[in-house]
Amino acid sequence: MQKTEEERMGVLKDLHKKKSSRIELKRQFTKKEELKKAEESLMVQERTLIEEQKNAFLQEQKLRDEEEHKIREEAKRRRENRKKTLEEVILRNMEERKRQKEESHIILQTPTSDITPDPNKSSTHDTEEDEKWFLEDLKKKFVLYEDIRSSSVPRRRKDGNKKGSLSGTNTPEKTSPRKKSSDTRKHTSSRSRPRTEISIPIEPISSLQQSPLDGEEFITSNIEQVNEFAESLDDHSQRTEKGPQSLPTTPRAREEAEEEETSTSHEETPRVEPFETPRDKTDGGEGDDVELERLLELRAERRRKHEEELRRLEIESEENLRQRRESRAKRTAENTAKRMERRKVFEKQLMDSQLHQSQMDLYEDQLRAAREIQAQAQLKIKLAREKWDLDMKIAETNYLPGRKVKDLPFPVPLRMNTDRMLLDQVYDSTKDTNKPAIDISSLKDHFLKEGRLDLDAASFIVRKATKILKQEESLLRISAPCYVFGDLHGQYYDLCRMLDLCGRIEDSTFNFLFLGDYVDRGLFSMEVILYLLACKIRWPERVYLLRGNHECRSISAYYSFKLECLTKYRSLDLYNNFMQCFDCLPVGAVVSGKELGDILCVHGGIGPSTRTLNDIGSIYRFNEPPESGALCDLLWSDPVEEEPMDEDQVSEWQDITFLSNSARGCSFVFGLNSLNQFLQVNKLTCLVRAHSAQKYGYLEHRFREVPQRKHPPCITLFSAPNYCDRYENLAGFMKITD
């Protein structure tokens, strides 16, 4: 009773711890929800900030485009104004020159009586020739003026040219009056009528100030020089109003006039150069054309460089914008990936917490059911004791006086054995450390008395056996002699009876091989599996355990093993330890004998995925058996059943390889053809299996072979007599001698 109270207090403490852990999980879940909401708000703020940055960038781009558009419009307007102003100035100058030309023409046509005619030349012819020469010279100079002003780019001097040079031409050396007079005489001698050189006392047009301004500003800044040029033309026209009579008639007079004119011009203007025209140069004026083409090429080159610069800036801006977008997209993708990863981790933690919560709820339900079963058992015991006491009182009062044999004791009442072996009683650490110190005989007797183990002792046996089984191969190699046992299904007393027939394990020279299905169906599954695991720990090289189809979570939970574990030991952890131990069980064994050869032992049979022994040895067995594949076939397959058939149908039946196993709902049934191929490829004598209840405890599958072999190709063993208390079958096991 004291132990029961202590266990009850321990269970209450465990429940209190689990409730506190559940509260802590809920608190963590609430904190995770708050973190999730905060993360979502941060994501919204980040999106808003990105949108604001995007809008600001677009607004900045728009303002930049508007500014560039304004600059282009302003440049266009200035070019138009410059062109318009230039046209007005040229038209005005042309009109003025035309008016002066008309006036000078009128003056030249006016007759004068003061002119003394040359007796050798005709005066009328000289006047007309001078007038024609003057007009041509004036026309040349004005055309040159118009050509120079028509280009919007001012001419630039190069190589340090002097101020009086024209379009980069070298300034002619200043000639003395005597030299000039000699040149004039040479020129006069070549003409039919002598004429004077026209010298305008202003700087040439090419010496206008070199301003970087264009259009109206350039014209305004140089208007004074333009006006001076116009005034010089006016002065020249006024001088010609005197008519041809003012011209000297003799060579000596012409020389004196030229000297006087030259000296006067030098006194008034220190530098007076004749107004050269493109036609005065050599090669018919080709120099100015080349210079003009060069200027046009320079203007086109500047425009091209400007366009290239604009294009380069545009490309750089687009590249910067693209890089910013790519970096922003990359950061966004990285942030999204991080958020998704955090979300996955959170969801996984949430699922783990929910799974843990569901397991806790299931454990509480199972614990509640176990308590109810325990309460019902205690109530039955109490009622049985009360009934026994009542029967004893009735017997004492009614039958004791009339008993013939008074010394005969009354029968012992049926009571449940609640004694539990502790870990120190099962495992003695003071014995030889070379061998596991487990007292097998005491454990066997304790289980025969329906005793139980302490939870620590049972957990120790399961964990110790799991370590040993995990080190074994999936396909064992065992030498004869050997005993082979089939399904046991929780029938502990029948197991002890068969082991007594074989002899004590500690005294026997045989190996012991069990083909699986140790649990479910019977009432003593815990005793069977704990005893066999203890034997495995005590004799790991003589006792071998294979896996059956009931050594898995789905089948043991559906049948009685899980309920029995919770009822007898009230521990779900112990059941989980058993499942981990079942995952480590091997799935096949080859027993080798000198006379019989090699015999393959499995629980179920073979399948299409198991063609060779290497296929069995390479199976990964440390998990729950799947619904198909090699592991499933080794645990669930069956040989094809023999049915009444004609002789013609026997050959077709023998040719069967594999068919769907409709009775089991998974795996296959194998026929003689596939079995023979498997035995021949692997050089085996026969296949020994369990998995099916047999009336006589075993069955030889010969598949109606004619002639029959010495050893059948397949043998089925079943070691659970009177299976489920209603089959009335016998138990069988195989003895393989050397």
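Where is Phe703 found in this structure?

1. **Phe703.** You'll find Phe703 in the loop between strand S13 (698–701) and strand S14 (714–717). Helices here are DSSP runs of H or I with at least four residues, strands are E runs of at least two, and both are numbered from the N terminus. Phe703 isn't a glycine, yet its phi is positive, at about 55°. It is also buried, with a relative accessible area of 2% (buried is under 20%, exposed over 50%, partly exposed in between, using a 1.4 Å probe and protein chains only).

2. **Before you go on.** This is a predicted model, where local features need pLDDT of at least 70 and side-chain atom pairs count only at pLDDT 80 or more, while totals for chains, interfaces and linings use all residues. Residues are numbered from 1 along each chain as its sequence is written, and side-chain values use heavy atoms, leaving out hydrogens and water.

3. His489 is another residue other than glycine with a positive phi, near 50°. Look for His489 in the loop between S4 and helix H11 (492–502); its relative accessible area is 2%, so it counts as buried.

4. **Arg621.** This one is worth a click: Arg621 is buried but has no salt bridge, and Glu472, the nearest side chain of opposite charge, is 5.9 Å away. A salt bridge would need a side-chain nitrogen of Lys or Arg within 4 Å of a carboxyl oxygen of Asp or Glu. Instead, look at the backbone oxygen of Leu469, which the Arg621 side chain reaches at 3.1 Å. Arg621 lies in the loop between helix H16 (613–617) and helix H17 (630–636).

5. **Ser459.** Ser459 belongs to helix H10 (residues 455–470) and is buried, at 10% relative accessible area. A polar atom of its side chain lies 2.9 Å from the backbone oxygen of Leu455. Ser459 and Phe578 are 119 residues apart in sequence, but their C-alpha atoms are 8.8 Å apart in space.

6. **H9 and H12.** The axes of helix H9 (residues 440–448) and helix H12 (residues 525–538) come within 11 Å and cross at roughly 175°. Axes are lines fitted to C-alpha atoms, for helices over the stretch in contact, with angles from 0 to 180 degrees between N-to-C directions. H9 and H12 are therefore roughly antiparallel to each other (the label for angles over 145 degrees).

Note on methods:
Lys, Arg positive; Asp, Glu negative; His and termini not counted. Polar contact = N/O pair within 3.5 Å; in protein donor to acceptor, adjacent residues only side chain to side chain. Parallel < 35°, antiparallel > 145°, perpendicular 65-115°, else oblique.
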